[in-house]
Amino acid sequence: MSLAGKKKLKLVILAVVMGIIAIVYVYPVFLMFINSLKPFGEVVVDVIALPTKLEWANYTHVIDKMSYGKLFINNVMITAIGIVGIVGFSSMASYILSRRRTKYTRLAHLLITTPMLIPFQTIMITLLKVMNVINLSGSRVGLGIQYWGFGIPMAAFIYSNFMATIPKEIDESAFIDGASTFRTFRSIIFPLLKSVTFTVVVLDVMWIWNDFLLPLLMVNSSNDTKTLVLSAYTFVGQFNTQWHYAMTAMVLAVLPSIIIFILLQKYIVEGVVAGAVKG
Amino acid sequence: MGRNKKESFENVLFTIPSIIMVTITIYIPFIMSGFYSLTEWNGISKEPRFIGLENFKTLFSGSSEFVKSLIFTGKYTVLFMIFSNVLAIAVAVALVQKIKTANIMRGMFFIPYIMSMTIVGFIWKFIFSQGFATLFEKTGMEFLNWSWLGERNLAFFAVVFVGVWQSLGFYIVLYIAGLQAVPKDVLEAATVDGATSWKRFFRVTLPLLGPSITTCVFMSLTNAVKVFDIILALTKGGPGGSTYSATLDIYREAFQNNNYGLGSAKSLVFFVIVLVITQVVLKVMNSREVDL
């Protein structure tokens, strides 16, 4: 066999082996899906077998029981509030932090990015107390606002690193044309930051959408404010022997992420890589 | 003068929302933790009672749950870092070859990473308890019949395994990006010089992968020390405290035992340990990177 042929054969073998590994790797996710579509008896008898007939009743039951529609809206609302604040405030701050070097901006930079070193668990106990005092606990809007504080340090860090690559001449020419600082930022700089904004949005949507501990502390007391993951956690706890319902609740909790990931895989992976490399 | 004043005003205006938010959510609670760590307080009584460094003495006394939870967290972190990085490099090296389906496979490895860790914990709880039972009946493989969540050592490895499974895809995509940045001409030069593919990998690729390794090792470290959701869903710290992590201990002390003072003391000790370890690791990693 020729050298090229040998190389090709090696690649085919590698592709097959990696394909098998990848399939085994996601098999647990597949198991969750098929078991969510079986009646209880079939789950107990044989976990691996495909459902003999699709039991959609599991879904109607769980959607109704969890009030899935409401949870979904809660999640969208909390995530949206969080993202808008993080992107708006941190990009604005980074613009000034990287363009103007004064004593004040140096101090501000330090204040804004240092919290990246503090693990959430270090402050969670007293955080709850502070949020009770200023009335940000127990509500979806309040939770969304709290994400600003936790998301800004990292986002400002990523934005500041990128700002350095935008030539100063661009904003100077805008000033000469008479634009105010805010206008220059909004109409000229912010659009140039598009790729970083995208990175920040990807990272923070994944984080806020799936976050568990902060919502557990802040919005777990009422069914009206719960998030998808929280509700799935409670639900699985209650139905931990009725695996068919538990599986359905779990599928419902992760399905939005999986659909979005399949649609936007390329962009999401790019965003995650960019965030880690710049962060 | 007028312009300078206006600029200073703008500097404050643009940065103040961020400063206020991090102050409220992070600095104020952090300072309060410092205060409460010196008190005995159950969260209900009005006045916390000042007891000096008593809480810190309790933490490190012989029978302390906290010390055990730190040891677990340390062991978990070391294994998590080794497995995530070694496996991710191996998979990444395979996926940067000219395989048509490489992107689809990359996506498959990434899927667990986009799912909530709590749900991942539940999926594996189901598989360890129900799935393995069925598989054992069908295949008769003995390890499927072991009590993966019920026996101390096995539960420890089960937790590490699930943690790695959840986030491996993240490290894989970072290493793929790193490998794609390794210059082709350097590798070709090595081939011309007669280096075998193993030699090429260990002598050329791996050293040039330095920045990616630093990023991934650092991130796997900071993620592993904070392990919480997966354990809460999978084992709740059991059996017999064998998977009881430091973060879980802080959570329990404060929100279940209502010892806010002791919990705050634990959270501060945790902060200091994490800070020291991450800074040391970062220094060591950075000093070992090779420049091209």
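Predicted model: local features only at pLDDT ≥ 70, side-chain atom pairs only at ≥ 80, totals over all residues.

Helix H8 of chain A covers residues 168–176. Of its nine residues, the number buried is zero, so helix H8 of chain A lies largely in the open.

## Overall fold of chain A

Chain A contains 13 helices and zero strands, and its pattern along the sequence is accordingly written α-α-α-α-α-α-α-α-α-α-α-α-α. Its radius of gyration is 24 Å, whereas the globule rule gives 19 Å for 279 residues; chain A is therefore more spread out than a compact globule. Along the principal axes, the C-alpha atoms of chain A fill a box of roughly 75 × 70 × 35 Å.

Of the 279 residues of chain A, 45% count as buried. When contacts in chain A between residues at least 6 apart in sequence are considered, 74% of them join residues at least 24 apart.

## Annotated transmembrane regions

An unreviewed UniProt entry lists six spans of chain A under "transmembrane region": residues 12–34, 72–95, 107–127, 147–167, 188–209 and 243–264. Two of these spans can be described further in the model. Residues 72–95 of chain A are 100% helix and 0% strand, with their end C-alpha atoms 34 Å apart. Residues 243–264 of chain A are likewise 100% helix and 0% strand, and here the end C-alpha atoms lie 31 Å apart.

## Two domains in chain A

Chain A is divided into domain 1, residues 18–55, and domain 2, residues 68–278. The C-alpha centres of these domains of chain A lie 34 Å apart. Their contact takes eight residues from domain 1 of chain A and seven residues from domain 2 of chain A.

On the domain 1 side of this contact, the elements that give two or more residues are H1 and helix H2 (40–45) of chain A. H1(A) supplies the largest share of that side, four residues. By class, the domain 1 side has five nonpolar, two polar and one charged residues.

## The interface between chains A and B

How many residues of chain A are in contact with chain B? The contact involves 69 residues of chain A and 68 residues of chain B. On the chain A side, the elements that give two or more residues include helix H1 (3–36), helix H4 (68–99), helix H7 (140–163) and H13 of chain A. H13(A) gives the most to this side, with 13 residues.

The residues on the chain A side divide into 54 nonpolar, 13 polar and two charged.

## The largest nonpolar core

The largest nonpolar core has 157 residues, and the members that touch the most others are Ala232(A), Ala249(A), Met250(A), Ile119(B), Ile172(B) and Val173(B). Helix H13 of chain A, residues 243–278, gives the most to this core, with 17 residues. At least three residues of the core come from each of domain 1 and domain 2 of chain A.

Which residues does Ile172(B) touch, not counting those up to four places away in sequence? They are Ala88(B), Val91(B), Ala92(B), Arg106(B) and Phe109(B).

Most residues other than glycine have a negative phi, and most peptide bonds are trans. Several places in the model depart from this pattern. In chain A, Asn135(A) has a phi near 65°, a positive value in a residue other than glycine. Asn135(A) lies in the loop between H6 and H7 of chain A. Is Asn135(A) buried or exposed? Asn135(A) counts as exposed because it has 9 C-beta neighbours inside 10 Å, and the cut-off for exposed is 12 or fewer.

In chain B, the loop between H10 and H11 holds Lys236(B), and Pro239(B) lies in the loop between helix H10 (229–234) and helix H11 (246–255) of chain B. Lys236(B) is not a glycine, yet its phi is positive, about 55°. With 14 C-beta neighbours inside 10 Å, Lys236(B) counts as partly exposed. The peptide bond joining Gly238(B) and Pro239(B) is cis, with omega about -10°.

Notes:
Residues numbered from 1 in each chain as written. Chains lettered and ligands numbered in written order. Core = buried A, V, L, I, M, F, W, Y, C linked by C-beta atoms within 7 Å. Buried ≥ 20, exposed ≤ 12 C-beta atoms within 10 Å, placed from the backbone. Domains from an automatic or database assignment. Contact = placed C-beta atoms within 7 Å. UniProt positions renumbered as here; feature names shortened; annotations may be inferred. Nonpolar A, V, L, I, M, F, W, Y, C, P; charged D, E, K, R; others polar. Rg over C-alpha atoms; globule rule 2.2 N^0.38 Å.
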